[in-house]
Amino acid sequence: MGEAGKRDDARDGEASTAHVVVIMLIVAFGVLALPWMVLRKLEARAPGRGEAASGVADEDLAQGGKIYYRSCTGCHQARGEGKPGRYPPLVGASWLLEDKETPIRITLLGAAGPMEVNGVQYNDVMPNFGVNLSDEEIALVLTYVRSSWGNSAPAITKDDVARVRASLGDRMEPWAGGAALSAARETPVLR
């Protein structure tokens, strides 16, 4: 092979390397931009002040939405619809909407065992977020889900979460499904 052929091969190698680098940069940008775009979409879908739970600032709902996206969408999905047969929906769920204490208890300690949600039995595990989230973060995310996707329940405050957390004492084990949560409802903490 002559000197000109070697130069052409070298240029072809440089050009293909440049193409690979450009493609890798495009892919990396897409991977990094995707979470940002999803968060922006969630913020746009957050209910406006007229739809929000009474007295909840739009910024608090946006913060709750970010926590929800980070911690909850893997199971309950972006619009709270859950995964049929696996993870229950949050839309219209009595465990979430009927009182403030039950969703706080579930979020603090998690749940493992049979539970009926919207007429369907579920028997999977909800992790305990009480070890990772502060009282304020739990209040924000629960207020967000209680006022999103057609839900319209009152806001939960960080003081509500603190009082329920204190009532649990040293308990660390998750709730044993719906029966245990129903029994806990018999001794209300928030009045």
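## Pockets and core of a predicted model

Eight elements each supply at least two residues of the lining of the largest pocket: α2 (58-71), α3 (73-76), α4 (94-97), α5 (101-109), β1 (111-112), β2 (115-117), β4 (125-126) and α6 (135-146). Helices (H or I, at least four residues) and strands (E, at least two) are DSSP runs, numbered from the N terminus. This is a predicted model, where local features need pLDDT of at least 70 and side-chain atom pairs count only at pLDDT 80 or more, while totals for chains, interfaces and linings use all residues. Residues are numbered from 1 along each chain as its sequence is written, and side-chain values use heavy atoms, without hydrogens and water.

A pocket is an open set of points on a 1 Å grid over the protein atoms alone, where a 1.4 Å probe fits, with protein on both sides within 12 Å along at least five of seven lines; lining residues have an atom within 4 Å of a point. Here are the two pockets:

| Largest | about 540 Å³ | 26 nonpolar, four polar, two charged |

Closest to the centre of the largest pocket are His76, Pro88, Leu90, Ile106 and Met126. In the second largest pocket, α6 gives the largest share of the lining, four residues.

Now to the largest nonpolar core, which has 33 residues, with Leu142 among those with the most contacts inside it. Its members are buried residues joined through side-chain atoms within 4.5 Å, buried being under 20% relative accessible area (1.4 Å probe, protein chains only). Again α6 gives the largest share, seven residues.

Key
Grid points are joined across faces, edges and corners, and a volume is the space filled by probe spheres set on the points. Ala, Val, Leu, Ile, Met, Phe, Trp, Tyr, Cys and Pro count as nonpolar, Asp, Glu, Lys and Arg as charged, and the others, Gly among them, as polar. Buried means under 20% relative accessible area, exposed over 50%, partly exposed in between (1.4 Å probe, protein chains only).
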